[in-house]
Amino acid sequence: MIITTSRGFSPELEEEAVRMADKLGAVWVPRQNVSLHELLAKADDHMVLLLARGQWKLYRDGAAPLFFHPSSAMLRIKRLLQGGADPLLTACAIAAGDSVLDCTAGLCSDAIVFAYAVGAQGTVEALESEPVLAELLAHGVRRYVSGQAAVDQAMRRVRVTCADHCEVLASLPDNSRDIVYFDPMFRTPIAHSQAISPLRGIANDRPLSREAVCQAVRVAKRRVVLKEQMDSGEFARLGFSEIIHTSSKIAYGVMKP
């Protein structure tokens, strides 16, 4: 992978790019007048992480660029501010001050909504096993400015950790989190998403294991929640018998330890 900057970069941004290249074992290439197309052709894995002042973007051959955006979290938090409900928070029976372990960060939309709901006294940790995605997300929740104070405050409270959820769950003490949440990559996409589609092919897409669910039941004080397609066989395979349906094609499986 090659790491570079936008044109017209600052010395501080270049220093950050050099540090990130060292951290990720990538190749730092000064942008100069080289096009992204040329950089993609030079990269061994045909991936380029572009650092810009406002946003980082991950480019791959044949795929739309991947970047952080609070996306649906902004609309969901706005609805909550207006007194509405959120199906995920209802499924989790979330409360202020809760500790949440989001085992499958995605683009952190659910983690941001969790962080809004648990407030300043709660904690939300979002796990991402792929290092470059973890760095992109961590930068996003630290730096992105949405223009909505409640959203920005929630983003800053999300802690992104680069780790495999199976290893993290196995290392945690019994009853050490209030909620453990899984949103694995769906086997079949239910809709085209400009934000989520670029994750396919780079994010970890292995099926959720029964062992991970068993560990989650041990770790969670109150609930283990699985997001899946409404007609998914994953609920039965993984032992989720309580299913909460929503008005969309999504459902939530709930286990109460």
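This is a predicted model: local features need pLDDT of at least 70, side-chain atom pairs count only at pLDDT 80 or more; totals for chains, interfaces and linings use all residues.
Buried here means under 20% relative accessible area, exposed means over 50%, and partly exposed is anything in between, with a 1.4 Å probe and protein chains only.

Residues are numbered from 1 along each chain as its sequence is written, and side-chain values use heavy atoms, with hydrogens and water left out.

**The overall build**

The protein chain has 10 helices and 12 strands; these are DSSP runs numbered from the N terminus, with helices (H or I) of at least four residues and strands (E) of at least two. Its radius of gyration is 19 Å, close to the 18 Å that the globule rule gives for 257 residues, so the chain is as compact as a globular protein of that length. (That radius is taken over C-alpha atoms, and the rule is 2.2 Å times the number of residues to the power 0.38.) Put a box around the C-alpha atoms along the principal axes and you get roughly 55 × 35 × 35 Å.

Of the 257 residues, 53% count as buried. Contact means heavy atoms within 4.5 Å, and among the chain's contacts with a separation of 6 or more, 68% are between residues 24 or more positions apart. The accessible surface comes to about 12100 Å², and 52% of that belongs to carbon and sulfur atoms; the areas come from the Shrake-Rupley method with a 1.4 Å probe, and for residues only the protein chains shown count as cover.

As for charge, there are 29 positive and 29 negative ones, and their mean positions sit 5 Å apart. Lys and Arg count as positive and Asp and Glu as negative, leaving out His and the chain ends; each charge is placed at NZ of Lys, CZ of Arg, CG of Asp or CD of Glu.

**Two aromatic pairs**

A search of the whole structure turns up two aromatic pairs. Rings of Phe, Tyr and Trp (its six-membered ring) pair if their centres lie within 6.5 Å, and planes under 30 degrees apart are stacked, over 60 edge-to-face, and the rest tilted.

Phenylalanine 68 lies in the loop between strand E5 (66-67) and helix H3 (72-81), and tyrosine 144 in the loop between helix H6 (131-143) and helix H7 (149-157), so the pair ties together parts 76 residues apart in sequence. Phenylalanine 68 is buried at 3% relative accessibility, and tyrosine 144 is buried at 16%.

The other pair is phenylalanine 114 with tyrosine 181: centres 5.3 Å apart, planes at 75 degrees, so edge-to-face. Here helix H5 (residues 109-118) supplies the phenylalanine and strand E9 (residues 177-182) the tyrosine, so the parts tied together are 67 residues apart in sequence. Phenylalanine 114 and tyrosine 181 are both buried.

**Around alanine 126**

Back to alanine 126, which lies in strand E7 (residues 123-128). Leaving aside neighbours within four places in sequence, its contacts include Asp102, Ala105, Cys108 and Val160. Cysteine 108 is found in the loop between strand E6 (99-102) and H5. What is phi of cysteine 108? The angle is near 75 degrees, a positive value in a residue other than glycine.

Histidine 46 also has a positive phi, near 55 degrees, and lies in the loop between helix H2 (36-42) and strand E3 (47-51).

**A few other spots**

Glutamate 16 lies in helix H1 (residues 11-24). Not counting residues up to four places away in sequence, glutamate 16 touches Leu51, Trp56, His139 and Arg143.

Arginine 206, in the loop between E9 and helix H9 (210-219), is 22 residues from proline 184 in sequence and 8.0 Å from that residue in space, C-alpha to C-alpha. Glutamine 121 lies in the loop between H5 and E7.

Here is how some of these residues score:

| Residue | Relative accessibility | Class |
|---|---|---|
| Cysteine 108 | 0% | buried |
| Glutamate 16 | 13% | buried |
| Arginine 206 | 33% | partly exposed |
| Histidine 46 | 34% | partly exposed |
| Glutamine 121 | 70% | exposed |
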